[in-house]
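I will go through the model part by part and write down what I look up.

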Amino acid sequence: MNDTLILSKVSKSFGGRTVVEGVSFSVSPQTLFGFIGQNGAGKTTTMKMILGLLPADHGEIRVNGEKVSFGQTPTNRHIGYLPDVPEFYGSMTAREYLALCGRITGMNAAQIERKSAELLHLVGLEKAASRIRGFSRGMKQRLGIAQALLNDPSLLICDEPTSALDPLGRKEILELLTLAKQRTAILFSSHILSDVERVCDELVLLHQGKIVRSGTLEQVKSAGRDRIDTLEVEFRSAEELARFRTHFPRSRIETPFTARIEESDEDGILDIMRILAEHQLPAKRIEKLEPSLEELFAETVHG
Amino acid sequence: MRTLTAFMHKEWIESVRTGKITLLALLFVVFGIMNPAAAKLTPWLLKQMASGMAETGLSVSEVRIDALTSWAQFYKNMPMALLIFALAFSGVLTSEYAKGTLIPIVAKGMSRRNILASKGLMTAAYWTVGFWTSYGITYGYNAFFWDNGAAAHLTFTAFGLYAFGLWLISLLLLFSTLADSGSGVILGTVLLLAAVYLLGLLPTLQDYAPVRLLETAKLAAGSGAPSDYAAALAVAAVWIAANIGIAALRFDRKKI
């Protein structure tokens, strides 16, 4: 029962259109929790309800056991929030902005000084002395993480933190989040599935306001297939591949040098290895393919 | 309390760095100097025109210029300064809605009441310092050139105009919690001002309408007594309190 965040049957509609419907999940401490869905699936709405920026129509949200209320929201003292496109006061410097945040959350001057230095170093902005107005998107995103972590929140909410960034910026933010996980529970929304696969421990898949899949990354992936594994064998020549196929006609050609075999039997891989050994076929690579989250997502969304 | 001062400090940094403070300082200093300058220049201007006018058969008699002439300019010009001030502050909250800058602040646990309070206090402080600077400058020049004794109830007269400014600021704040854009704030305030002005034309209501505080200049010229404006002042005070109360309740539920 000491989950950092608990949502029970939360619903929200705007003008008769249901945006979030009966959403329940919980996030435990030191977990990077993926909140996955297409644009418009209800991710941001759900996050805004957790922050008390929008009222929930039904259901209950608890942060550290305290119920979230709309308007006056004392539970926000436990939360660090990184909006999808964070906007800060352009005429202040990063250090000044962190000082403002620190004072708002009741930190003293020494704590602010120490934490700001530590976090600016963590996000690589310790040398950025210019005003925020001149920051790039990636820099604002990094300042966003620093401000969100400033008062050691027990829950960090990141709304699409990587979506607006280039590959290098995305990699940096994901590394930062993995580091931050040691200190806090993280709710991370995204529609970039490769990012989610890289860092998340658990996830829910939201589609049209409802949760359609949930669990650990492994659970979600294995639920997607009816235990049919795909095995891939790569050879060094087309000739070797052809020889292999005469002994293993079930396989289909994937690329000029590789074959794929659908196998429902756990021991299927042993049969392949036996054939390779018996016929002296020195395969370059043999691999059991995991279904990608991408495929799973497409499967779920398109039925 | 600390969150309040932290946010007020942020407001100050922004005002300084965006040049708002420089603009306000310039505005109120210019409006302070303008009044005695206009009074001082009147005889000279008339003399320049006198020769031309004599040819058309008009004769200009000697005009008497004293502190009262300068104070009359003050009461004529300061509403214009207030108008510029109000326009400059119409986006005090709406510009933050537009940029989304309040979201991380509220998400940090800052109470919305404190945000509203620091916005209101800072705006009122700028008006207070600005208005009394203009007053001080005019007062100083008048004392140097003439004698301020010519004008009656000087402080009270100015206070009426100052209080009207506070009432207007409370309206700006209220409409900032109702509207989403700066133009919405201006529209709401202008419509309400027009309504109050029209109601103030009714004989039964004229003593109570806050717009009456714009007429305190008559006091300086020696007509009427300060007590004539007591009702309008009281109404303005209660109205300010009501504006703040409604704004606070409304801002609690405002989508930011």
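Which domains does the domain assignment of chain A give? I found domain 1 (5–92 + 134–223) and domain 2 (225–302). The bounds come from an automatic or database domain assignment.

Before going on, I noted that this is a predicted model, where local features need pLDDT of at least 70, side-chain atom pairs count only at pLDDT 80 or more, and totals for chains, interfaces and linings use all residues. Residues are numbered from 1 along each chain as its sequence is written, while chains are lettered from A and ligands numbered from 1 in the order in which they are written.

**Entry 1: the two domains of chain A**

I looked up the spacing. The C-alpha centres of domain 1 and domain 2 of chain A lie 38 Å apart. I then looked up the contact (C-beta atoms, placed from the backbone, within 7 Å). In chain A, 11 residues of domain 1 touch 9 residues of domain 2. On the domain 1 side, helix H6 (193–199), strand S9 (202–207), strand S10 (210–216) and helix H7 (217–224) of chain A each supply at least two residues. Helices (H or I, at least four residues) and strands (E, at least two) are DSSP runs, numbered from the N terminus. By class, that side of domain 1 of chain A has 5 nonpolar, 3 polar and 3 charged residues. Here Ala, Val, Leu, Ile, Met, Phe, Trp, Tyr, Cys and Pro count as nonpolar, Asp, Glu, Lys and Arg as charged, and the others, Gly among them, as polar.

**Entry 2: a sheet in chain A**

I traced an open sheet of 4 strands in chain A, with the order S2-S1-S4-S5 and antiparallel pairing. Strands pair if DSSP finds at least two bridges between them. Why do S2 (17–27) and S5 (66–67) of chain A stand at the edges? Each has a single partner strand, so one side of each is left without a neighbour in the sheet. I checked S4 (residues 58–63) of chain A next. There are 2 bridges joining S4(A) to S5(A). In one bridge, A:Arg62 has A:Lys67 of S5(A) as its partner. Helix H1 (residues 43–50) of chain A lies across S1 (5–14), S2 and S4 of chain A, at about 120° to S1(A). Axes are lines fitted to C-alpha atoms, for helices over the stretch in contact, and angles run from 0 to 180 degrees between N-to-C directions.

**Entry 3: helix pairs in chain B**

I took H3 (residues 67–88) and H6 (residues 112–145) of chain B. They pack at about 160°, with axes 11 Å apart. That makes H3(B) roughly antiparallel to H6(B). Angles under 35 degrees count as roughly parallel, over 145 as roughly antiparallel, 65 to 115 as roughly perpendicular and the rest as oblique. Residues in this contact include B:Trp71 and B:Phe74 of H3(B) and B:Trp127 and B:Gly130 of H6(B). The classes are 7 nonpolar, 5 polar and no charged residues.

Next came H1(B) with H6(B), at about 50° and with axes 9 Å apart. The two are therefore oblique to each other. Among the contact residues are B:Phe7 and B:Glu11 of H1(B) and B:Leu121 of H6(B). I wrote down 7 nonpolar, 3 polar and 1 charged for the classes.

**Entry 4: chain B against chain A**

The contact takes 24 residues from chain B and 24 residues from chain A. What supplies the largest share of the chain B side? H1(B) does, with 7 residues. The chain B side divides into 9 nonpolar, 6 polar and 9 charged residues.

Key. Contact = placed C-beta atoms within 7 Å.
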